[in-house]
Amino acid sequence: MKKEKKWELRLYIAGQTPKSVIALENITKYCKKHLTDNYNIEIIDLLENPQLAEGDQIFAIPTLVRRVPEPLRKIIGDLSNEEKVLVGLNIRPLDK
Amino acid sequence: MTENSKDQFPKTPSGINGLDEIMMGGFPSGRPVLICGGAGCGKTLFGVQFLVNGILKHDEPGVFMSFEETANDLSMNVKSLGFDLDELQESGKLKVDHVRIERSEIEETGEFDLEAIFIRLNHAIDSVGAKRVVLDTVEALFGGIENYGILRAELRRLFSWLKEKGVTTVITGERGKQSFTRQGLEEYVSDCVILLDFRVIDQIATRRLRIVKYRGSMHGTNEYPFLINEDGISVIPVTSLNLTYGSSREIVSTGLTQLDDSLDHGGFYRGSSTLITGSAGTSKTIMAAHFAMASIARQEPVLFFSFEESPEQLVRNMESIGIDFKPHLDSGLLHIKASRPSLQGLEMHLIRFYNALEEIKPRTVIVDPISSLITIGSSSEVRAMLIRLLDTLKNKQINAVFTALTQSNFKDKGDLTVEAISSLSDAWIDLNNNRKNRRQHRTMRIVKARGMGHDPEAQEFMITDNGFRFTIPTEQMTDTTN
């Protein structure tokens, strides 16, 4: 098995809203489970840095962006559906 | 900005020529306006013009949020119309934000909202201090987001947020089959809805605009033709809105001493309109040329619209009877604009007319002949156009001279257009050509002259090397008034 690059994820939120908190909990849980330590989640609060929304073309909150590996993928919502998130990020579940 | 006692709320000039007149001052300030129409009918341009003129004419910065075109494409597309978005962006008066939604790279799961759009918009508005916002076309979101329930709720929230923010917003929407917009945006934006339409009538493409709704304000209810030309969008409010122009008491010469003498005040009032009718070959154009020369003698610019002769032909023909246009063309006192009536739609003629008025600022305008415009429009359209034109000329205190070709049996059976113009114009001169005893008798008769007495008798004249020359009528020619 070839060595995979470290996953780089970005979670865009707008303040500590329930949806954003749930989304962060969810993605942290999935990553720990399926990517072990091979990931990095950066949280960007648009209330603090509104100018960053344009660059990644963010229109919904919360939005999870997979920057590495390419291509760029986006998942919007609180990430409550694990299967959909894994498909969306193209993560192969480890326990299968 | 117009103040109307019935319209209590403030209005924002739309930046679209002619539209403010129909909307009694413009868009509702601080409120959203929905512009809907099919593909290619000018919605985006409408928005751009609203912003650009807001910046250039009213010092109101703007934000353009595009959901379809990229900022680059947008600025390229409107450059040909003289709008330099890049420069405006650099000067910090405009912010263009392209919201790109790529369906293929987006997955939806669970609850979300569109707060990021609010944040982007808010950031853009604050960064330039925007007073005007355009959302073009917000319906593109429906192609990128699966959850319509959330989307609709968020759009509703967005529009009310914009209202709270106090920015005047233009929202464009694609025309739907059953409703004004495909996604029923009119449900959310209910203050002001404008419909754009593009259709081909008699092989001439016409664009029309209608104000479907304008809550709390009076507005024109007709369909108004509009044009997209090198100056952007111009709307022609074809129906006259008021009769409030001032009336001058100043008298100007007609250029013909005999005609001046036949009028109690020695000429016509400044800013009045004169109709010259006659059948073919009765010297209508020559008489109009005398009016033009009189204006030139007063050092007042003349704009001559010629629908049958080219400028060169007109100059040559007038030269043959001793009226020399050439030096005045060179000095800029005389402008001749010639075009075939059928070459453009009626609206285009009117717009050209307005543009020329703006550019040349004439004190006398001649349309020769106005009757040839009938060939391109129905009588009611021509009439409406003339009313509009006359009002504009009156407002600007410009002397107007129209010639109209009449049938030789005109006295029995009224000519519709001539009837229409004659009731609108202040003065009416009828020229006649009679053959009697193998001689041609040309006569001129003042049919009416508003606001002054006049000689009702027909007067005989000849066309000489120096134009008109009046002669004393002899006894046997007294019946020339027919």
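Trainee: Is B:Cys41 buried or exposed?

Mentor: Keep in mind that this is a predicted model. Relative accessible area under 20% is the cut-off for buried. B:Cys41 has 2% relative accessibility, so B:Cys41 counts as buried.

Trainee: And B:Cys36, what is its relative accessible area?

Mentor: B:Cys36 comes out at 0%, so B:Cys36 is buried as well.

Trainee: How many disulfides does the count give over all chains?

Mentor: To call one, you look for a pair of cysteine sulfur atoms within 2.5 Å. Over all chains, that rule gives 0 disulfides. Take B:Cys36: the nearest cysteine sulfur belongs to B:Cys41 and sits 8.7 Å away, and B:Cys36 is in no disulfide. Looking from the other end, B:Cys41 has the sulfur of B:Cys36 as its nearest cysteine sulfur, and B:Cys41 is in no disulfide either.

Trainee: Okay, on to helices. What should helix α2 of chain B span, going by its residues?

Mentor: The general idea is to multiply 1.5 Å by one less than the number of residues. Helix α2 of chain B covers residues 43–58, which is 16 residues, so it should span 22 Å. The end C-alpha atoms of that helix are 21 Å apart, which agrees.

Trainee: How many residues of α2(B) are buried?

Mentor: 13 of its 16, so to speak of it plainly, α2(B) is mostly covered.

Trainee: Which residue follows α2(B)?

Mentor: That's B:Asp59, and the thing to check there is the backbone: its phi is positive, near 50 degrees.

Trainee: Now the interface. How much area do chain A and chain B bury between them?

Mentor: Interface size is often given as the accessible area lost when the parts come together. Here chain A and chain B bury about 2,300 Å², with 55% of it on carbon and sulfur atoms. On the chain A side, A:Gln57, A:Phe59 and A:Ile76 supply 31% of the area that chain A buries against chain B, more than any other three residues.

Trainee: How many residues does each chain put into the contact?

Mentor: Chain A puts in 27 residues and chain B puts in 25 residues.

Trainee: What about charges and polar atoms? How many salt bridges are there between chain A and chain B?

Mentor: The count is 3 salt bridges. One to look up is B:Asp113 with A:Lys19, where the closest N and O atoms are 3.1 Å apart. For polar contacts, the count between chain A and chain B is 18 residue pairs, both residues at pLDDT 80 or more.

Trainee: Which elements of chain A give two or more residues to the side that touches chain B?

Mentor: Those are α2 (52–55), β4 (73–76) and α3 (82–89) of chain A. β4(A) gives the most, with 4 residues.

Conventions. Residues numbered from 1 in each chain as written. Chains lettered and ligands numbered in written order. Predicted model: local features only at pLDDT ≥ 70, side-chain atom pairs only at ≥ 80, totals over all residues. Heavy atoms only, no water. Buried < 20%, exposed > 50% of the residue type's maximum accessible area, 1.4 Å probe, protein only. Contact = heavy atoms within 4.5 Å. Buried area = accessible area lost by both parts, 1.4 Å probe. Salt bridge = Lys/Arg side-chain N within 4 Å of Asp/Glu carboxyl O. Polar contact = N/O pair within 3.5 Å; in protein donor to acceptor, adjacent residues only side chain to side chain.
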